[in-house]
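Subject: Structure handover

Hi,

Here is the structure I promised to pass on. Please open it next to this email and follow along.

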Amino acid sequence: MKRLLKPLILSFIILGSCSEDEETRRVEDLTIIQSIIDNGITIDAMALDYARMFTSTDGFPAIAPARINQFIDKDEILVYFDFISHSRDSLNRYYENRDREYYEQGIVVDYAIKYNDKLESITVEVKKNDGDFMEFEDNSEDIRLIPTPEINSQNTFAKYELTIEEFTERYQNSRFPEFYVLSFDNKEGISNTYVFRVTFKFNNQKEFTLNTGQIKF
């Protein structure tokens, strides 16, 4: 019996240590989450892709990924943007877990996510063929910004087209869309190549600039 006691005691010590470590991590995670809730989420990076828009079986628009060489016979170029935020992802996971707990109690809760980063301006430039980059006016009808679902979600959405000016004013001091597309539909009679350069400026001197590849249109 004496020989069995030492392994048993050791196992209790290890289990106790694991429980303490898990509790410490849980408290640390909750502290981080509370800090995000209090201070707001931050944007870590931005991603760019190409998209196509289609009408789903229920009659609403949806988007899907597209190849850069698919626009030559289309009516518009769609460039997709994704705001990447690790703090937002952490907060969403936390709220999903809370939702499961509330659901079991028959409670529905709506959460408002606060942003620490505030959108200040968007600049859209285009280089046509071998020319120089030219900046679009904020109220240009050639450029439209459309909030969308995630590009691979296959979710439908209500299509709201906004000029650069309208988009910036609408989301400057509030939560802005996680995903959206830039639409350019000023197609000419002959095929041209276009490169778009889009710059997003936030408070705290944060700035992201993304360039597309050469798009034949």
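Where does Pro 147 lie? Pro 147 is part of strand 6. Before going further, please keep in mind that this is a predicted model.

Pro 147 has a relative accessible area of 18%. Buried means under 20%, so Pro 147 counts as buried. Leave out residues up to four places away in sequence, and Pro 147 touches Phe 157, Tyr 160, Tyr 171, Pro 177, Phe 179 and Tyr 180. Now look at Glu 161. Pro 147 and Glu 161 are 14 residues apart in sequence. Their C-alpha atoms are 7.9 Å apart in space.

**The chain as a whole**

The chain holds 3 helices and 10 strands. Read from the N terminus, the elements run α-β-β-β-α-β-β-β-α-β-β-β-β. The chain has 217 residues, and 35% of them count as buried. Next come the contacts between residues at least 6 apart in sequence. Of these, 69% join residues at least 24 apart.

**Helix 3**

Find helix 3, residues 164–171. Which of its residues are buried? They are Ile 164, Phe 167, Thr 168 and Tyr 171. These residues sit on the same side of helix 3, because they cover an arc of only 95 degrees around the axis. What do they pack against? The partners are strand 4 (119–128), strand 6 (143–147) and strand 7 (179–184).

**Two serines**

Go to Ser 85 next. It lies in the loop between strand 3 (77–84) and helix 2 (86–104). Is Ser 85 buried or exposed? Its relative accessibility is 0%, so Ser 85 counts as buried. The side chain of Ser 85 reaches the backbone nitrogen of Arg 88 at 3.0 Å. There is also a polar contact of 3.1 Å between the side chains of Ser 85 and Ser 87.

Ser 87 itself is in helix 2. Its relative accessible area is 14%, so Ser 87 is buried.

Now set aside neighbours within four places in sequence. Ser 85 is then in contact with Ile 41, Thr 42, Ile 43 and Asp 44. On the same terms, Ser 87 touches Ile 36, Ile 41, Thr 42 and Asp 44. Show both lists on your screen and compare them.

**The largest pocket**

How much space lies in the largest pocket? The value is about 150 Å³. Its lining is made by Ala 51, Arg 52, Met 53, Phe 54, Ala 66, Gln 70, Phe 71, Lys 74, Asp 75, Glu 76 and Leu 78. Strand 1 (residues 45–55) gives the most to this lining, with 4 residues. By class, the lining has 6 nonpolar, 1 polar and 4 charged residues.

**Exposed residues**

- Met 134 is found in strand 5 (residues 133–135). Exposed means over 50% relative accessible area. Met 134 has 55%, so it is exposed. Not counting residues up to four places away in sequence, Met 134 touches Val 124, Glu 125 and Val 126. Phe 196 is 62 residues from Met 134 along the chain, yet 9.5 Å separates their C-alpha atoms.
- Gln 154 is in the loop between strand 6 and helix 3. Its relative accessible area is 67%, so Gln 154 is exposed. Gln 154 is not a glycine, but its phi is positive, at about 65 degrees.
- Gln 205 is in the loop between strand 8 (193–202) and strand 9 (207–211). At a relative accessible area of 81%, Gln 205 is exposed. Its phi is near 60 degrees, a positive value in a residue other than glycine.

The structure is yours now.

Best wishes

Notes. Residues numbered from 1 in each chain as written. Predicted model: local features only at pLDDT ≥ 70, side-chain atom pairs only at ≥ 80, totals over all residues. Heavy atoms only, no water. Buried < 20%, exposed > 50% of the residue type's maximum accessible area, 1.4 Å probe, protein only. Arc of directions from axis to C-beta. Contact = heavy atoms within 4.5 Å. Polar contact = N/O pair within 3.5 Å; in protein donor to acceptor, adjacent residues only side chain to side chain. 1 Å grid on protein atoms, 1.4 Å probe; cavity = no way out; pocket = protein on both sides within 12 Å on 5 of 7 lines; lining within 4 Å. Points joined across faces, edges and corners; volume = space filled by probe spheres on them. Nonpolar A, V, L, I, M, F, W, Y, C, P; charged D, E, K, R; others polar.
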